[in-house]
Amino acid sequence: MFLQKIWDPRDGSFVRSLRGHSSEVFSVRYSSTEQFLVSAGADSEILIWAMLTQTLNRRLLGHVDV
């Protein structure tokens, strides 16, 4: 599993690591409330992370392309 490192864009400081994708991560986005983080990777999966608990909330499978 790949380790996703999350950085604060304001000052470049390291925030936390998340482990879940089995390949490179191409895109991440916070929800409007910053309660969730959504990541998409070369493994054709979309992962939804709960930021309060820093845990994987949902894994969306079945995508046929990155």
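**Strands, salt bridges and a pocket**

Author: Tyr30 stands opposite Leu37 in E4. This is a predicted model, where local features need pLDDT of at least 70 and side-chain atom pairs count only at pLDDT 80 or more, while totals for chains, interfaces and linings use all residues. Residues are numbered from 1 along each chain as its sequence is written, and side-chain values use heavy atoms, with hydrogens and water left out.

Reader: Thanks! How many bridges pair E3 and E4?
Author: Five bridges, in the antiparallel sense, with E4 covering residues 36-41. Strands here are DSSP runs of E with at least two residues, numbered from the N terminus, and two strands pair if DSSP finds at least two bridges between them.

Reader: What is the order of the strands in the open sheet?
Author: The order of the four strands is E3-E4-E5-E6, with antiparallel pairing. Strands E3 (25-30) and E6 (55-60) are the edge strands, each pairing on one side only. From one strand to the next, the twist averages 20° (axes are lines fitted to C-alpha atoms, and angles run from 0 to 180 degrees between N-to-C directions).

Reader: Switching topic, how many salt bridges does the structure hold?
Author: Two, counting a side-chain nitrogen of Lys or Arg within 4 Å of a carboxyl oxygen of Asp or Glu. In one of them, Glu45 pairs with Arg59, and the closest N and O atoms are 2.7 Å apart.

Reader: Where do Glu45 and Arg59 lie?
Author: Glu45 is in the loop between E4 and strand E5 (46-50) and Arg59 is in strand E6, so the pair ties together parts that are 14 residues apart in sequence. Glu45 counts as buried at 17% relative accessibility, while Arg59 is partly exposed at 33%. Buried means under 20% relative accessible area, exposed over 50%, and partly exposed in between, with a 1.4 Å probe and protein chains only.

Reader: And which residue forms a salt bridge with Asp8?
Author: That's Arg10, with the closest N and O atoms 2.9 Å apart. Asp8 is buried at 14% relative accessibility, whereas Arg10 is exposed at 75%.

Reader: Nice. Which residues line the largest pocket?
Author: Ile6, Trp7, Asp8, Pro9, Arg10, Val15, Tyr30 and Glu34. A pocket is an open set of points on a 1 Å grid over the protein atoms alone, where a 1.4 Å probe fits, with protein on both sides within 12 Å along at least five of seven lines; lining residues have an atom within 4 Å of a point.
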